[in-house]
Amino acid sequence: IDTRLQLMAPFILSVRPLPDSQLDSDTLARRGVPAIAAPLLEPHLIAPTLPDDPSRYAGLIFTSRHAVDGFLAALGHGGPDGWAALPVFAVGRATARVARAAGFSVKVTGHGGGGGLAPLIREHVDAGGLPLLWPAARDRGFDMVAALAPAITVEDIAVYAMARTPRLTDAALDALAYGKILAVKLMSARSAQLFCEQLAENGMDHCRPEIIVIAGSDAIAAAAGDGWRQIYVAKRPTRARLLAIASLLYHRRETLD
C-alpha cells in the first residue's frame, strides 16, 4: 500500500472499460482533478457470421467503439469493403472517430447513449425502407430495435461481449482503504451493480458513506442502491456532463458536508 495516499487529495474513480476509463482519468488530470481508472468490464470479441450483402441495408448503427472493433473482427479481412458505402449512425465522438478511422462513412453522431441517437436516426432514415444493421454487445442496456420499431426496422447482431474484470485495480483498492475515493462515475446500471459487488467482495462496503455516486441516469442511480454519501444524477447521460460534475465536486469538496 502506498502510504503517500494518506497525504493526497481524494480521487475520482472511473470504472468504464479501457481505454475509456483511462481517457476519463487523463481528461480529469488536465483539469487538476486526481482520478483513477479501474475498469469493471473488458470487451471480448465474438466474431459472428455477418450478412454477406451490404446492399440489403440502409445503414449501420454503432453504439460503442467496441462494436466497431467487433464488426471489423467479424469481417475478418481488415476493412469494411462494401459496408463503407453505408451511412453510419454512431453514439459519441469517440465511436465516430474509431469508425471513420476504420473506413466507415459516419453520417450522424449522437450523444447520450442509444436513447440520444434514436431520434436522430428517425430524422435521417425513411420509415418503411430497408433495415438498419446494429452490431452491438451481447448484453445491452438499451434496445435500439424496440426504440425504432415499427417505423424503422433494425436487425441486431452481437459482435462483442463485456466480461467482468476479476477485481478492482490495486490503486483503486488502496485508495478505498485510505478513504481517498471522493466519487465514482457510473454510466450504466451494470457497472453500478458490479461496483457494489466489488466493494462487498473486497470488504469495502463500509466505504459507501464516504463515496459520492455520479450517475448517468435515475436507473443507474437506482442500480447503485442506498448508503452513499450523496448521489448526483446527470441531466444528460453524456461523458462530458459526468466529467463536468466530477470536476465541480472535486473543486468544491471542502463545502460538500
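In which loop is Ala 47 found? The legends below take up this and other local views of a predicted model.

**View A. Ala 47 and its backbone angle.** Ala 47 lies in the loop between strand 3 (41-45) and strand 4 (59-62). Its phi is positive, about 55°, although Ala 47 is not a glycine. Most residues other than glycine have a negative phi.

View B. Strands run in the order 3-8-7-4-5-6, and their pairing is mixed. The edges are taken by strand 3 and strand 6 (105-110). Each has a single partner strand, so one side of each is left without a neighbour in the sheet. From one strand to the next, the twist averages 25°.

**View C. Strands 7 and 8, with helix 7.** Strand 7 (residues 132-137) pairs with strand 8 in the parallel sense, over six bridges. Ala 136 has Ala 158 of strand 8 as its bridge partner. Helix 7 (residues 189-201) packs on this sheet and touches strand 3 and strand 8. The direction of helix 7 makes about 15° with that of strand 8.

View E. Strand 9 (residues 181-186) and strand 10 (residues 212-215) pair in the parallel sense over four bridges. Lys 185 stands opposite Ile 214 in strand 10.

**View F. The largest pocket.** This pocket holds about 1600 Å³ of space. Its lining counts 48 residues. Arg 16, Thr 63, Val 91, Gly 113 and Met 187 lie nearest the centre. Helix 1 supplies the largest share of the lining, five residues. By class, the lining has 18 nonpolar, 17 polar and 13 charged residues.

**View G. Helix 2 against helix 3.** Helix 2 (residues 65-75) and helix 3 (residues 93-101) pack at an angle of about 25°. Their axes are 8 Å apart. Angles under 35 degrees count as roughly parallel, and helix 2 and helix 3 are therefore roughly parallel to each other. Helix 2 contributes Arg 65, Val 68 and Asp 69 to the contact. Helix 3 contributes Ala 94, Thr 95, Val 98 and Ala 99. The residues of this contact divide into four nonpolar, one polar and two charged.

**View H. Two cis peptide bonds.** Leu 18 and Pro 19 are joined by a cis peptide bond, with omega about 5°. Pro 19 sits in the loop between strand 1 and helix 1. The peptide bond from Ala 149 to Pro 150 is also cis, with omega near 0°. Pro 150 belongs to the loop between helix 5 (144-148) and strand 8 (154-164). Most peptide bonds are trans.

Definitions and conventions:
Residues are numbered from 1 along each chain as its sequence is written. This is a predicted model: local features need pLDDT of at least 70, side-chain atom pairs count only at pLDDT 80 or more; totals for chains, interfaces and linings use all residues. Side-chain values use heavy atoms; hydrogens and water are left out. Two strands pair if DSSP finds at least two bridges between them. Helices (H or I, at least four residues) and strands (E, at least two) are DSSP runs, numbered from the N terminus. On a 1 Å grid over the protein atoms alone, a cavity is a set of points where a 1.4 Å probe fits but cannot get out, and a pocket is an open set with protein on both sides within 12 Å along at least five of seven lines; lining residues have an atom within 4 Å of a point. Grid points are joined across faces, edges and corners, and a volume is the space filled by probe spheres set on the points. Ala, Val, Leu, Ile, Met, Phe, Trp, Tyr, Cys and Pro count as nonpolar, Asp, Glu, Lys and Arg as charged, and the others, Gly among them, as polar. Axes are lines fitted to C-alpha atoms, for helices over the stretch in contact, and angles run from 0 to 180 degrees between N-to-C directions. Angles under 35 degrees count as roughly parallel, over 145 as roughly antiparallel, 65 to 115 as roughly perpendicular and the rest as oblique. Contact means heavy atoms within 4.5 Å.
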